[in-house]
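Colleague: I'd like to learn how to read charges and cores in a model like this. Could you walk me through it?

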Amino acid sequence: MDPAQWCLLIATLLSVALSSFFSASETAFAAASRVKLKAMHQHGTKGAEDALRLLDAYDQMLTTVLVGNNVVNIAGTAVSTVLFTALLGSMGATVSTVVMTVLILIFGEVTPKTLAKRAPERFAIRVAPVMLVLRQILYPVNWLFGRWKKVLEKLFPLQEDELPIEDELKTIVSEAQVEGDMDRHESELIRSAIEFQDQDALDIMTPRVDVEALEDTATMEEAAEMFRNSGYSRIPVYHEDMDHVVGILHEKSFYIAQHAGARSIHSIMAPPVYAPASIKVSKLLKLFQASRTHMVIVLDEFGGTEGVVTLEDVLEELVGEIWDEHDDVSRDLVQLEDGSYLVSGLVPIQEMTETLGIEDIYEADTVGGFAAEVLGRIPEVGDVFQTQGMTCRVTGMEKRRVTQVRISREKHAEHQED
């Protein structure tokens, strides 16, 4: 080959190399995580700030990449055609097409994109300075395509699908768990933190009917007996009825005062802290921190006592059940050997529907309320009802409250799901 043909060959190979550069850059910036780049920038990684600047103007960066990629591909094809025509004559154009197709496909597209996808943030940082210069050079082209984009948006208006940030974070956590970057306990903790804001005091409180409380006329002996029998370290004190809680009696303070000779619980109990049932759990945690208390009285919209919530209840929403050496460890939703479930009446309805894989179409908040809702009356022990392919039997009652339900899946429904 003469010197001119060597120059054409070098120009052809250079075009393939530039095609590889643009293809890898496109994949790197498309796959790069903004969160990771910000973290790298905060840790002092050079070039991370430039990469973030390009991501902030992603449309301009993409236009620069696509224009550059198409220019070098077209130029490389034209140069190679001249080269092969000079070498092979009339067969040159055909050979050039085949050779350039293979070179661009393997070395200009597949290989660079595969490599860039493995470490997109690192590659984006390395090419960011060059891409910033090219974006400035192609500014007029970017401006024209920017105007064209606005024309297209007016001609073909489309509403973007916006995924709630909570769902997006949950997806990221799930992907991290699948890929092995995070174990199950870590992912569950993060999911609990994400869902933390969505819950309110009503979801986690101990309802009024289950609250162990003392009347303010109780003696020291009666208070001591309640501490012994209940196993609780804090007990609400009310005046006349539970709608008028006047204090919180702490076990430690009580026994210290009793040892010192105290004769009445009035001088021992701490003032109560109140919160509406609608308060979000995140704000409730701040209330616990600000008031330096471990128990809050939850009020309904009329000012009556709805129940009580403790700091432990809030923390359990983040880390799961917390048991101490005095707790009676029990399970609220147990699967029996025959495939049926024994469910506590206090189990949230959402937990039951998720476990059984059925649709949550009920107004009730708990399984006990679910039984009353479907029956249309106050349940009784032995009541049987059916819903969504389930046969439910009320197996436990305490006064007018459902304490236990046995739920069996109908066989034909199970076959349909299989």
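Modeller: Let's begin with exposure: buried means under 20% relative accessible area, exposed over 50%, and partly exposed in between, using a 1.4 Å probe and protein chains only. One caution is that this is a predicted model, where local features need pLDDT of at least 70 and side-chain atom pairs count only at pLDDT 80 or more, while totals for chains, interfaces and linings use all residues. Residues are numbered from 1 along each chain as its sequence is written, and side-chain values use heavy atoms, with hydrogens and water left out.

Colleague: Fine. How many salt bridges does the rule give?

Modeller: A salt bridge here is a side-chain nitrogen of Lys or Arg within 4 Å of a carboxyl oxygen of Asp or Glu. That rule gives 8 salt bridges. One of them joins Asp 50 and Arg 53, at 3.5 Å from N to O. Both residues sit in helix α3 (residues 48-56), 3 residues apart, or about one turn of the helix. Helices (H or I, at least four residues) and strands (E, at least two) are DSSP runs numbered from the N terminus.

Colleague: Which residue does Arg 208 form a salt bridge with?

Modeller: Asp 243, with the closest N and O atoms 2.5 Å apart. Arg 208 lies in the loop between β1 (206-207) and β2 (214-215) and Asp 243 in strand β4 (residues 241-250), so the pair ties together parts that are 35 residues apart in sequence. Arg 208 is partly exposed, at 31% relative accessible area, and Asp 243 is partly exposed too, at 33%.

Colleague: Which residues are linked in a network of salt bridges?

Modeller: Asp 210, Glu 398 and Arg 401. Glu 398 is partly exposed, with a relative accessible area of 45%.

Colleague: And the nonpolar side?

Modeller: In soluble globular proteins, nonpolar side chains tend to be buried together. A nonpolar core is a set of buried Ala, Val, Leu, Ile, Met, Phe, Trp, Tyr and Cys residues joined through side-chain atoms within 4.5 Å. In this model the largest core has 23 residues, and those touching the most other members include Phe 29, Leu 37, Leu 54 and Ile 125. Two or more residues come from each of α1 (3-31), α2 (34-42), α3, α4 (58-88) and α6 (120-137).

Colleague: Which element gives the most to this core?

Modeller: That's α6, with 6 residues.
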